[in-house]
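Please consult the sequence and the structure shown below while reading.

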Amino acid sequence: MFFRANIKEVNTSLYTIEGVLSQPEFQQLYDEFCLDYNHLRVKKNANDSSTQLPRLGLRKPFPSGTGYSFNGNDMLGDNLALINLGSKIKLISQKILKRNLSLNRINTNIQYPGIESTFHQDGAEGTWTFIIFANSHWSTKWGGEFVYSGEDEYFYVPVIPNNGCLFAAHRDHRGAAPNCLANTYRQTIAFSMNEMCK
């Protein structure tokens, strides 16, 4: 694998990555968010209040093939394009962390202005998540930053297409909604991975 993206260690448990995918790979990812191909599902974090608006994501069929999962955040799904990209993300993450990882979940997120996310964790200690900002273009004046809680401070990562971040998933984090200036929705994909014993 040939990977030349710019990687910055922001904190011992947060890395930012510029230019994660090649242009054809990024176009393939962007195409998967086209609603002509894939349907949306409503999703909420476990700690969201009952009055909070839900976010949206791409539907993932149940592994058993019995229908569609409306809350299937704990699996890969059957989207081969996303699984293929997840394999590359796992290798990039292993290179950054110098640890063996196994890909265990692919999660998409679509947020319109006003649809905020709560702080949440993606897994226990030893779980890592790699998110990619999947919009084809984005103005920083639209907001939508990724917010990560380190041990003693918060870190804010701006939405830049085809950039991403790798972070310890047991720490609180959230995706801020686009603000009222945005003329589109914020879309991200998250690949969650578990550390494997040697």
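Strands E10, E9 and E12, in that order, form an open sheet with antiparallel pairing. The model is predicted.

**The three-stranded sheet**
- Strand E10 (154-157) and strand E12 (173-175) each have a single partner strand and stand at the edges, so one side of each lacks a neighbour in the sheet.
- From one strand to the next, the twist averages 15°.
- Strand E9 (residues 146-149) and E10 run antiparallel and are joined by four bridges.
- Val147 has Tyr156 in E10 as its bridge partner.

**Two residues with positive phi**
- Most residues other than glycine have a negative phi.
- Lys98, which is not a glycine, has a positive phi of about 60°.
- Lys98 is located in the loop between helix H2 (80-97) and strand E7 (101-111).
- Lys98 counts as exposed because its relative accessibility is 70%, and the exposed class begins over 50%.
- Asn162, also a residue other than glycine, has a positive phi near 65°.
- The loop between E10 and strand E11 (164-168) contains Asn162.
- Asn162 has 10% relative accessibility and therefore counts as buried, the cut-off being under 20%.

**The chain as a whole**
- The chain has two helices and 13 strands.
- Of its 198 residues, 51% are buried.
- Among contacts between residues at least 6 apart in sequence, 75% join residues at least 24 apart.
- The accessible surface of the chain is about 10100 Å², and carbon and sulfur atoms account for 51% of that surface.

Technical notes: Residues numbered from 1 in each chain as written. Predicted model: local features only at pLDDT ≥ 70, side-chain atom pairs only at ≥ 80, totals over all residues. Heavy atoms only, no water. Buried < 20%, exposed > 50% of the residue type's maximum accessible area, 1.4 Å probe, protein only. Contact = heavy atoms within 4.5 Å. Areas by Shrake-Rupley, 256 points an atom, 1.4 Å probe, with all protein chains shown as cover. Pairing = 2+ DSSP bridges. Axes fitted to C-alpha atoms, helices over the stretch in contact; angles between N-to-C directions.
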